[in-house]
Amino acid sequence: MRIYKLAGIILSVLLFLASCTNPDADKKKVKIAYANWLEGIAMSHLAKVVLEEQGYEVELQNADLAPIFVSMSGKKSDVFLDAWLPITMKDYMDQYGDSIEFLGEVYGEARVGLVVPQYVTVNSIDELVANKDRFSSEIVGIDAGAGIMKTTDKAISAYGLDGYNLMTSSSSTMLASLKKVMDKGEWIVITGWTPHWMFDQYDLKFLDDPKKVYGDLEEIHAIAWKGFSEKDPFAAEFFGNIKLTTEELSSFMTAMKDARMDEGEIARKWRDEHRELVDSWIPESKDKQNQEN
């Protein structure tokens, strides 16, 4: 019996010593959730690169919007850098807002709505009814859980577009359909948003929205579960400090789209090219490792 006790004591001591010598044992950990939207992919990988420089262990979690908000509210994800408000993700905030806190506005000139090629002679959503055949009675969208899809359902009702079918797909499938149709000079209407590289690559326009179903300008916010900023003030301040202009975000998204490197390498390269900007986001406090978990 004494042998077993002695073995147990030795094992406990070894585990304690291992934890003391393991450099990862004291690392702060952050879990960043992101959806398959290019700006969110870019910002999340950049945040990972920067926080790892600061001694953090960062886990990126890719999911659709609904699971992201569920995970955030349950503290299984810490931060989401791509919350579009006040319209696009309003339904999610209405449902989960009590368990979420705002860290900061990342970008303030976003826009969502229905988009057509510039050569299309229709200029307003309320003109779609009379041109249903030209658009094959379809609005080409993205994944069903996206906020822009929920808003488009409301637009279909508000503008009497009952004859239209809102097609669910993915961003890549929607853009492939856009290219295919535009190559033929035909008409197409899609769910669109800026910032997005498609406005640099294709000659596009938003349809006017006189009923303001899509609102005016949107803001992209960094959000976390309520109480995260108390748990990790350094990380919370860092996320809150992230601010990007249209030019900066567009250049980053274009790099993500065009480069043959993986996302982490692209993020590191962009960080090095914008070192002064990125360094301005890092809080002056250097005692983050002493903060309580």
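User: How do the residues of the lining of the second largest cavity divide into nonpolar, polar and charged?

Analyst: A lining can be read by sorting its residues into classes. In this predicted model, the lining of the second largest cavity divides into 1 nonpolar, 2 polar and 4 charged residues. The residues in question are Ile-87, Thr-88, Lys-90, Asp-91, Lys-150, Thr-151 and Lys-154, with helix 4 (90–96) and helix 5 (147–158) as the elements that give two or more residues to this lining. Helix 5 gives the most, with 3 residues, and the volume of this second largest cavity is about 40 Å³.

User: Which residues line the largest cavity, and how do they divide by class?

Analyst: Here the list of residues and the division by class are best read together. The largest cavity, with about 40 Å³ of space, is lined by Met-43, Leu-46, Ala-47, Leu-81, Phe-238, Ile-242, Leu-244 and Trp-281, and these divide into 8 nonpolar residues, with no polar and no charged ones. Helix 2 (residues 38–53) provides the largest share of that lining, namely 3 residues. The count of cavities of 30 Å³ or more comes to 2.

User: Turning to the open spaces, what is the volume of the largest pocket, and which residues are the closest to its centre?

Analyst: The largest pocket has a volume of about 350 Å³, and of the 18 residues that line it, Asn-36, Trp-37, Leu-38, Ser-171 and Ser-172 are the closest to its centre. Two or more lining residues come from each of helix 2, helix 6 (171–183) and helix 10 (246–258), and the largest share, 3 residues, belongs to helix 6. By class, the lining of this pocket comprises 10 nonpolar, 5 polar and 3 charged residues.

User: Which elements supply at least two residues of the lining of the second largest pocket?

Analyst: The elements show which parts of the fold meet at a pocket. For the second largest pocket, strand 5 (138–140) and helix 6 each supply at least two lining residues, and helix 6 has the largest share with 3 residues. The volume of this pocket is about 200 Å³, and its lining is made up of Arg-134, Phe-135, Ser-136, Glu-138, Val-140, Ser-177, Lys-180, Val-181, Glu-186, Trp-187 and Ile-188. Sorted by class, the lining of the second largest pocket gives 5 nonpolar, 2 polar and 4 charged residues.

Terms used:
Residues are numbered from 1 along each chain as its sequence is written. This is a predicted model: local features need pLDDT of at least 70, side-chain atom pairs count only at pLDDT 80 or more; totals for chains, interfaces and linings use all residues. Side-chain values use heavy atoms; hydrogens and water are left out. On a 1 Å grid over the protein atoms alone, a cavity is a set of points where a 1.4 Å probe fits but cannot get out, and a pocket is an open set with protein on both sides within 12 Å along at least five of seven lines; lining residues have an atom within 4 Å of a point. Grid points are joined across faces, edges and corners, and a volume is the space filled by probe spheres set on the points. Helices (H or I, at least four residues) and strands (E, at least two) are DSSP runs, numbered from the N terminus. Ala, Val, Leu, Ile, Met, Phe, Trp, Tyr, Cys and Pro count as nonpolar, Asp, Glu, Lys and Arg as charged, and the others, Gly among them, as polar.
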